Amino acid sequence: MTTFDEASPSLGSHLYWAIRDGWTITTRGLVHWIRNPAVAIGGLLYPIVMVALFGLVLGSAMTVEGGGDYAEFLMPGMFAQAMANGVMATMAMISSDASRGVTDRFRTMPMSQTGVVLGRSFADMINSVLELIILLGCGLAIGWTWHGTWGAALSAVGLLLLLRFAMIWVGIYLGLFLKPEAAGAAWMVLMPITMLANTFVSPEQLPGWLAPIAEWNPLSATVAASRELFGNPGVVGGSWPADNALLLAIVWPLVAFAVFLPLCARKYRRLSR
Amino acid sequence: MHALVAEGLRKTFGKTRALSGFDLAVKEGTICGLLGPNGSGKTTAIRIMATLLRADGGTATVAGFDVTRKPGQVRRRIGLTGQEAAVDEILTGRENLEMWGLLYHIGKKRAKIRAGELLEQFALTEAADRRVKHYSGGMRRRLDLATTLILAPKVLFLDEPTTGLDPRNRNEVWSAIRSLVDGGTTVLMTTQYLDEADRLADRIAVLAALPGEGGRIIAEDSPDRLKAMIGGDQIDLVVRDESTLDTAAKAIGRISAAEVEVNTDERRLNAPARDRIGVLTQVLRELDDLGVEVEDVALRRPTLDEVFLRLTGRHIPGEEAS
């Protein structure tokens with residue numbers, strides 16, 4: 001058997017193995033996705049159904065503050081909601097690995113422990129990019145489009161993916177805490193949070209005490225910023241978070257990332273189930 | 001040479017003491033069975049020695065390295081099979097082994113070769129390209145074991161490796177474990193069954209948590225000596241007529257020279273049978289002479305509760321009724 005020198009692996013080899021092992025885990029995630037199309041399709045169906053429900057059924061009854069087409073108003077909200085809901089997929093996978101001893105196996109192996117989470121986030125990001133592309137296609141099909149430059153539109157996509165990236169770390173952290181059944185039921189908490197934003201209606205139309213909550217909801221920042229960048233209607237100022245949506249759409253995810261990354265690392269090291 | 005030494009391990013979760021002074025030494029190339037009821041700290045002890053948990057006190061050395069100071073070195077030399085088969089359901093058996101091989105850093109080529117060898121060794125070649133989702137419980141366990149052997153570990157931890165398996169699958173796993181030790185691996189396995197420890201282990205350590213305390217080893221010996229200490233196997237006898245219960249109990253008590261447990265509702269009598277067949281034939285002959293009709297009789301290993309009763313003078317907490 002080969003003998004290894006543990007003393008202090010150089011930063012270079014640490015990074016090398018983090019990426020190599022991360023890629024192995026990513027491949028696993030992608031194989032899951034391909035072999036379990038039901039899960040992937042289910043994940044996609046939800047926003048499509050919501051688009052159909054709100055865009056087509058309720059759309060005629062909805063008015064957009066400041067004027068404009070409801071589908072145009074709705075789609076950026078749907079994109080952002082789908083990115084936020086991605087937390088469910090991350091959580092489910094992490095929680096199932098933890099409960100079935102797979103995480104323990106990772107932890108008793110001489111592999112890169114950073115690679116485990118890195119791989120998970122790669123795989124989830126690849127999924128999310130595909131999901132977003134499909135949703136953008138759906139949007140175009142029901143009459144949504146962007147009006148600004150390609151650069152602005154791509155920036156909006158970037159902000160949406162930034163939100164998803166932050167949600168991965170939230171998902172990993174919660175997944176390490178929750179049993180799979182609890183993780184599966186988390187949508188009951190998640191749905192009101194993603195609805196209590198500017199996704200479907202603008203906060204000014206909400207009761208007075210709810211409006212600030214919806215305005216400060218991190219999701220609202222991403223939605224408002226992507227509306228602005230896509231050149232879609234519904235951009236109304238008036239409150240500080242609404243006026244600074246772009247800034248908040250960058251700051252919120254970075255804050256979440258900065259908070260949850262160390263929390264994940266700490267929780268992962270201290271797993272004691 | 002000892003492959004594993006634990007000294008005074010202590011661990012508390014919140015207010016619950018899981019371990020209070022766990023000492024154990026396992027010789028290289030042997031199987032040690034860690035026998036104890038739920039809540040006695042078996043899993044905690046294993047998790048500390050497998051670098052998954054940090055002890056509050058005490059030391060543990062596995063394959064020559066301290067688990068807290070050199071966890072990386074320990075991880076290169078151990079394998080752990082938990083209570084659930086930690087394999088990927090969506091991947092095939094072969095893909096699982098290849099993936100874990102890559103994660104053990106043995107390279108793609110060697111991972112493939114090793115996967116083939118292990119599939120062969122664990123009689124999984126035929127099912128190799130089926131998804132694990134379609135495997136039986138025993139096949140999953142075997143794949144799980146195979147995974148832990150990719151690097152040929154010096155020390156293998158098995159946490160209740162046969163829990164939830166039917167007898168056939170259990171036998172499959174047992175023979176897999178035996179073949180490992182032939183290859184020089186040291187095994188520490190936990191179990192709730194004396195029978196399992198008796199069949200597999202070279203040494204049995206009994207772990208118990210007395211009220212208000214965490215688990216500690218209360219007995220450690222070879223299976224034969226341990227069984228002798230607790231009175232050997234048990235004779236289990238059911239009489240046809242309740243009125244003959246007393247007569248039968250007296251006769252059995254005289255022959256086995258030990259206390260007889262009587263369950264009136266089931267008309268069942270229970271006593272140690274030191275030399276097994278000798279006691280059995282003598283009891284049957286005697287009862288026949290006394291005109292006691294026997295409905296059922298069997299020799300069996302003592303249950304964990306009986307082991308406990310003999311070693312600690314008390315039943316396993318929460319199992320008084322059984």
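Chain A and chain B meet in a contact that draws 21 residues from chain A and 23 residues from chain B. On the chain A side, helix 1 gives the most, with six residues. Keep in mind that this is a predicted model.

**The chain A side of the contact**
- Helix 1 (11-35) and helix 4 (102-107) of chain A each put in at least two of the residues that touch chain B.

**The hairpin in chain B**
- Strand 1 (residues 2-13) and strand 2 (residues 16-27) of chain B run antiparallel, joined by nine bridges.
- One pair to pick out is Arg10(B), whose bridge partner in strand 2 of chain B is Ser20(B).
- Two residues sit between the strands of this hairpin, and Gly14(B) takes a positive phi near 60 degrees.

**The open sheet in chain B**
- Four strands line up in the order 12-13-11-14, with antiparallel pairing.
- Strand 12 (261-263) and strand 14 (294-300) of chain B are the edges, each pairing on one side only.
- From one strand to the next, the twist averages 20 degrees.
- Strand 11 (residues 233-239) and strand 13 (residues 268-273) of chain B pair antiparallel over six bridges.
- Across that pairing, Gln234(B) stands opposite Pro272(B) of strand 13 of chain B.

**A helix over the sheet**
- Helix 10 (residues 277-290) of chain B lies across strand 11, strand 13 and strand 14 of chain B.
- Relative to strand 14 of chain B, helix 10 of chain B runs at about 165 degrees.

Note on methods. Residues are numbered from 1 along each chain as its sequence is written. Chains are lettered from A and ligands numbered from 1 in the order in which they are written. This is a predicted model: local features need pLDDT of at least 70, side-chain atom pairs count only at pLDDT 80 or more; totals for chains, interfaces and linings use all residues. Two strands pair if DSSP finds at least two bridges between them. Axes are lines fitted to C-alpha atoms, for helices over the stretch in contact, and angles run from 0 to 180 degrees between N-to-C directions. Two residues are in contact if their C-beta atoms, placed from the backbone, lie within 7 Å.
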